[in-house]
Structure formats: C-alpha cells, structure tokens
Amino acid sequence: MRIVKSMNFDAAHFLDHDPNARPYARLHGHSFVLEVTIEGDPHSETGWVVDFGDVDEALGELHNILDHRLLNEIEGLERPTLENICQWVGQKLKGRFPGLAQVRVSRPSNGESCIYDL
Ligand SMILES: Nc1nc2c(c(=O)[nH]1)N=C([C@H](O)[C@H](O)COP(=O)(O)OP(=O)(O)OP(=O)(O)O)CN2
Ligand SMILES: [Zn+2]
C-alpha cells in the first residue's frame, strides 16, 4: 500500500545558470506543493503503514526550512529546480521513512511538476 501526504509552501528563487538569460534568472516566487508517498504493509496492530502524525511532523520541519525563504540560500538547494528540490526532500526524509517511494513537487499555477521515484 502507498500512503500520500502533501504540504504547501511559498518560496522565492532564481535560476541564473540559464545561458539564454530567461526571466526566471531574476528573483521571483512560486506557490509549491510537496507530496510524499510512503509504501509498505499496514502494521498488524496499528493498521497503518506509518502514522500520518509522524509524516505531518516531518513535513512541518521541512515547511519551516522552505516556506517564505529564498531557496537558493538553503544548504543543498543552491540550484533550486523542481528536480533538485525533489532530490533534496528525498535525502532529508529517506532515513526517517525507509518506505519513502516517491517525492513530487509541483507548481499548480503553471502546471509544472517533478516526480522522483526512490
Ligand atoms: N526542468 C525544469 N525547468 C525549469 C524549472 C525547473 O524547475 N525544472 N524551473 C523554471 C523556473 O522556476 C521558472 O520560474 C518557471 O517559469 P514558467 O514556467 O515561465 O512559469 P512562471 O514563472 O510564469 O510561473 P507562475 O507561477 O505562473 O508565475 C524554468 N524551467
Ligand atoms: Zn521559478
């Protein structure tokens, strides 16, 4: 089974490595949705794969790091593409949730998302 929990955050970033100097090389912001999927068999006593309370706690910690921040200033996120945000989240959560199966980060306003299958 797979359980899924999502969290919203708003953040600024810039992607200035682009040789064509597109507008996103300048500072701008997005509303992001982070979604994590954890896979496993439901525990015979608790009936859950993992407690959503534990997932909520972990996502809350990530929210504190990411929300209303300049992503480029966060260690490991110096080049904050959707792809790199997915990998960064995967690295942060994998040790805590061995069943972490997927990290998805999307920007609903423009229909862009990245899916990282671990
Ligand atoms: N493969 C990727 N390509 C791009 C990424 C990315 O993370 N992975 N990111 C960007 C920029 O973040 C860019 O800001 C996205 O721009 P755009 O699609 O033009 O959308 P808007 O800035 O107009 O989005 P709104 O939220 O609607 O303002 C570029 N490429
Ligand atoms: Zn952007």
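**Figure 1. Contacts of V105 in the predicted model**. Leaving aside residues up to four places away in sequence, V105 touches F32, L34, L82, I85, C86, S113 and C114. V105 also belongs to the largest nonpolar core, where V105 is among the residues that touch the most other members.

**Figure 2. The largest nonpolar core**. This core comprises 21 residues, of which L34, V36, V55, I85, V89 and V105 touch the most other members. Two or more residues come from each of β1 (2–13), β2 (28–39), α1 (52–66), α2 (82–94) and β3 (100–107). The greatest contribution is that of α2, with five residues. In soluble globular proteins, nonpolar side chains tend to be buried together.

**Figure 3. The open four-stranded sheet**. The strands follow the order β1-β2-β3-β4, with antiparallel pairing. At the edges lie β1 and β4 (112–117), each of which pairs on one side only. On average, neighbouring strands are turned by 15° against each other, direction ignored. Between the antiparallel strands β3 and β4 there are six bridges, and Q102 stands opposite D117 in β4.

**Figure 4. Helices packed on the sheet**. The helix α1 touches β1 and β2, and its direction makes about 10° with that of β1. The helix α2 touches β2, β3 and β4, and its direction makes about 145° with that of β3.

**Figure 5. The shell around ligand 1**. By class, the shell has three nonpolar, five polar and three charged residues.

Key: Residues are numbered from 1 along each chain as its sequence is written. Chains are lettered from A and ligands numbered from 1 in the order in which they are written. This is a predicted model: local features need pLDDT of at least 70, side-chain atom pairs count only at pLDDT 80 or more; totals for chains, interfaces and linings use all residues. A nonpolar core is a set of buried Ala, Val, Leu, Ile, Met, Phe, Trp, Tyr and Cys residues joined through C-beta atoms within 7 Å. A residue is buried if 20 or more other C-beta atoms lie within 10 Å of its own, exposed if 12 or fewer, and partly exposed in between; C-beta atoms are placed from the backbone. Two residues are in contact if their C-beta atoms, placed from the backbone, lie within 7 Å. A residue is near a molecule or strand if its C-beta atom, placed from the backbone, lies within 6 Å of it. Ala, Val, Leu, Ile, Met, Phe, Trp, Tyr, Cys and Pro count as nonpolar, Asp, Glu, Lys and Arg as charged, and the others, Gly among them, as polar. Two strands pair if DSSP finds at least two bridges between them. Axes are lines fitted to C-alpha atoms, for helices over the stretch in contact, and angles run from 0 to 180 degrees between N-to-C directions.
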